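Hi,

Here is the structure I promised to pass on. Have a look at it first, then read my notes below.

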Amino acid sequence: MNLWRNLLNNSLVGSRNQPLPPLTEPGPLTPLLAQLDPAQPEASLLSAAALCTQYQQTSFVPVQDATPLPEAAVAETVPALSLAAADYLPRLIELDQRLLVLEWLTAVSASQQRLPFHLLVTVLTYGTLHVEARPAILAVIGHRGRWLARKKGSWRYAAEPATAVEWQQSSGTARHLFFQQLRQTNPEEARQLLQTTWDTEPVNERLAALESLRFNLSLADEPFLESCLDQDRSNKVRSLAARLLACLPDSQLVARMIARIRPLLNLVEGAQPSLQITLPTAVEEAWQRDGIEDNYNRSFVAMGRNAWTFCQLLACIPPNFWLQTWGKNPAQLIELAIQNEHKVLLLEGWAEATLRHPDPDWAAVLLQQESVSHRHRALMQALPVSQQEQVALQLVDTVSNKPKFFWLAMVSGQWSEAYGREVLDRFRSVITSASPIDPLEWRWVAGMAVHFPPSLADEAAALWQPHPDTAVAWQPILDQFNQIIRLRYDMITAIHPQKEQL
Amino acid sequence: MLTTVTPEQARAFAPDAASVKAAEKLAIPTKWVSLHQSEQLLWGTCKGSGKEPYQTAVTLNEVAFYCSCPSRKIPCKHALSLLFLYSSQASCLTTADVPGWASEWQAARTARQAKAASKRAESVADPAAQAKRAAKRQQNVDKGVALLERWLYDLIGQGLIAAQKQPPRYWHEMAARLVDAQAPGLARLVQQTAVLRFSGDGWHEQLLQQLARLHLLVQGSYRLDQLPPERQADVRTAVGWPIKQEDVLALPSVADEWLVMGHRTEEQDRLNTQFTWLWGQHTQQPALFLEFAYGKTAPVSNWLAGGAYAAELAFYPGSVRLRALSKTDAPPRQTLTVATDGLTLSTAVAQFNQMLAQNPWLESVAFPLADVIPIVDETGWYLQDAAHYRLPLHGEPWTLLALSGGHPLTITAEWNGARWLSLAAWSEGQLRTLV
């Protein structure tokens, strides 16, 4: 509309600074415009503007758009979670309970259900900040969630590739997760897929892919890993490949390491058996190819350069090799190590070896050694949960210099009911005694609530009768403990409406 | 009247996000010394930082909160957590007889409401004083309107570009003087105009449109006696003359089943206004409730989204019937699981244009829209209907997009002449609020 444009231009500059445009416009506004008095420029301008505005707005019609609509989301194949159960997610996020959110998401995916649509934005936004939750999120968002994730930059981690073809063209967390899942179901196919694009991948992608090879690692992967040691350009990739090969007890790399260390480490039998160690003097090229680093600053514990080389060699060898070679059990070997002048590097080396080849007997002995205390959590958590429980109970009864809950709380993952009851028993004996509270105990108790089996929620609530002297201090801890257990119980039962048991 | 409350509905009563978090932490039965319910009332005692446990109560028939804690928020975290407990674990509230303090509170509340009613009746009973007050107000408003006129002409005279460079004071002072002149409606429009300077592309066009509307209002005020009564009501409402609720309730009403389309809150100068949009299922027309609260309290609405209430609504006077009051106190509620019949984009826009033609100061109207698809592309967000008409969407309604998944769905949204603001959408058997 010409008049409107003229009015706009005039008003921008100001009616004082420019003469008014002619207030005419062909059409139904003409008789009304004729009534305006040009001697009052401001009033006329505004009145004309009002007429134009009203006319334009009341005659507005939407336009038709012929552009094709974007593709819609595919129909869902999995049933949606009930609304009552779904309501827990916003509450858990508000309470800032990261581990519980993870537990909830995992339980939903295990129950073969998906999140209802109204929670998709909440959960995708949560995943942008909390990277550890992404695999669990991907499992419950369904087709709609993936469709939605493709529309927003910060959610692209969830726009998972569905086929191997897409994998070759995409990047990021979704791609890594796809590879991980493929590796878990079909390890051969996964490795072959990796090999097709291996040469063109950037360093970070190669590292991430190798990490995924940890799942179902087997001797079938050996040729590929050996070729990495020979050909890969990146130091980090080579050392990761070497570490992976060291986790395979029957690999050629381990055999080579054994050959290298045999002359350097001997058990001298006799009335007072002892270990005899000859430190290597140099790191040969073949050793470096196999991942032995010639840099003593890398070790966590201070030790000399040659000692560090020896330690790395020892770390590559499955600890049970020594049991078979010498016929001693882990406790005896560790005892010998402690007496040796090279105690530090022996313990460190065997600790690393136990991490690569988890074994509950070795772990139990090493967990009692203070000098490898920086490894304790890793040693414990390398074991499967049932073995962790076993080791923890063993240590609680035998080791007296640590507080009881120190060992009990170290067990990660979801505890079994039997273990939960053991913990409750010991807990009860502590709180009903009048002993003063160690502030660390406080922290461990609160931390345990996340691992404690929720099916024992009622039993837990029934047992809390603290000693009157310490009741005031224990009460808030117990309240918090019970609150979390009860919350977990409620949220899990809501996900499975038909089942009584968890 | 609430017989059941979902956790989501309970959360809607919270004044802010921090209250929700605090109330969640308290919503465990072990933290409460006692928890009870009876017909239409929830109550409990909770241990707090004071010596005595706090006494908290919530009425359900006309939602109201009481707590003896020193917090100024309404509802405080204790009252809110009581409601949360009722919504998720109602069984932990045992049935019991109403205790003394709770019935005292209810009685005091009823007495206060009766007193307010009688006070209103009293002021009506003194027409002379009323007339004097009205005359004084008219004088003030006239002065305010004259000031506004001078300010408008000055603005147009210097030009919009020069005006854009003016400090915020230039706008806020004018608004403040209009508030002093007892013309809050004009003050609000001036404040809105101030914000337009920063609205990006096309700001000058929007600014000129708004100034033109203000000018129309000024001229309308001058010629008030010459206008037909409906148009007079439009001008007076836009300027900000209050109308007594009794006067509105005395007008003829429209009975229908009113679907609550959704809520929206506007905050300005510590005044919180809640817009509740309704749609008459049979009369196929919209209605609007406005509720106000000051400072940190949230306006509490008993009309929950997704429900249809059988009620009689009395409409405020004006050329277009939009703002209304309910004659029925606690109407029966029916939750709708099937989407209501909605309009196409063209029909809705046409209906809005008709209303705008009657009342040029109409700001926005909400409608139910059928079979629309939200779209996002590099140019922005849009709504498209089955006939391929496309209109812009306000903001970034990701939840709406999630509910749609690219498929058509029925939604409720507010149209302001330029953009749709989505209020709620039907998905998986429920009307979900988006705001």
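In chain A, helix H7 (residues 120–129) and helix H9 (residues 142–149) cross at roughly 60 degrees, and their axes come within 11 Å. Helices (H or I, at least four residues) and strands (E, at least two) are DSSP runs numbered from the N terminus. The axes are lines fitted to C-alpha atoms, for helices over the stretch in contact, with angles running from 0 to 180 degrees between N-to-C directions. H7(A) and H9(A) are therefore oblique to each other (under 35 degrees is roughly parallel, over 145 roughly antiparallel, 65 to 115 roughly perpendicular, and the rest oblique). The crossing of H7(A) and H9(A) is right-handed, meaning that the near helix is turned clockwise from the far one by less than a right angle.

On the H7(A) side the contact (heavy atoms within 4.5 Å) is made by Leu120(A), Val121(A) and Leu124(A), and on the H9(A) side by Arg144(A), Gly145(A), Leu148(A) and Ala149(A).

A word on the basis: this is a predicted model, where local features need pLDDT of at least 70 and side-chain atom pairs pLDDT 80 or more, while totals for chains, interfaces and linings use all residues. Residues are numbered from 1 along each chain as its sequence is written, chains are lettered from A and ligands numbered from 1 in the order written, and side-chain values use heavy atoms, without hydrogens and water.

Now the salt bridges (a side-chain nitrogen of Lys or Arg within 4 Å of a carboxyl oxygen of Asp or Glu). Over all chains the structure holds 27 of them. One joins Arg206(A) to Asp232(A), with the closest N and O atoms 3.0 Å apart. Arg206(A) sits in helix H13 (residues 203–212) of chain A and Asp232(A) in the loop between helices H14 (222–231) and H15 (235–246), so the pair ties together parts 26 residues apart in sequence. Arg206(A) counts as buried at 3% relative accessibility (buried is under 20% relative accessible area, exposed over 50%, partly exposed in between, with a 1.4 Å probe and protein chains only). Asp232(A), at 8%, counts as buried too.

Over in chain B, Arg264(B) forms a salt bridge with Glu266(B) (3.8 Å, N to O) and another with Glu414(B) (2.7 Å, N to O). Glu414(B) belongs to strand S15 (residues 409–415) and Arg264(B) to strand S6 (residues 253–268) of chain B, so this pair links parts 150 residues apart in sequence. Both Glu414(B) and Arg264(B) are buried.

Cheers
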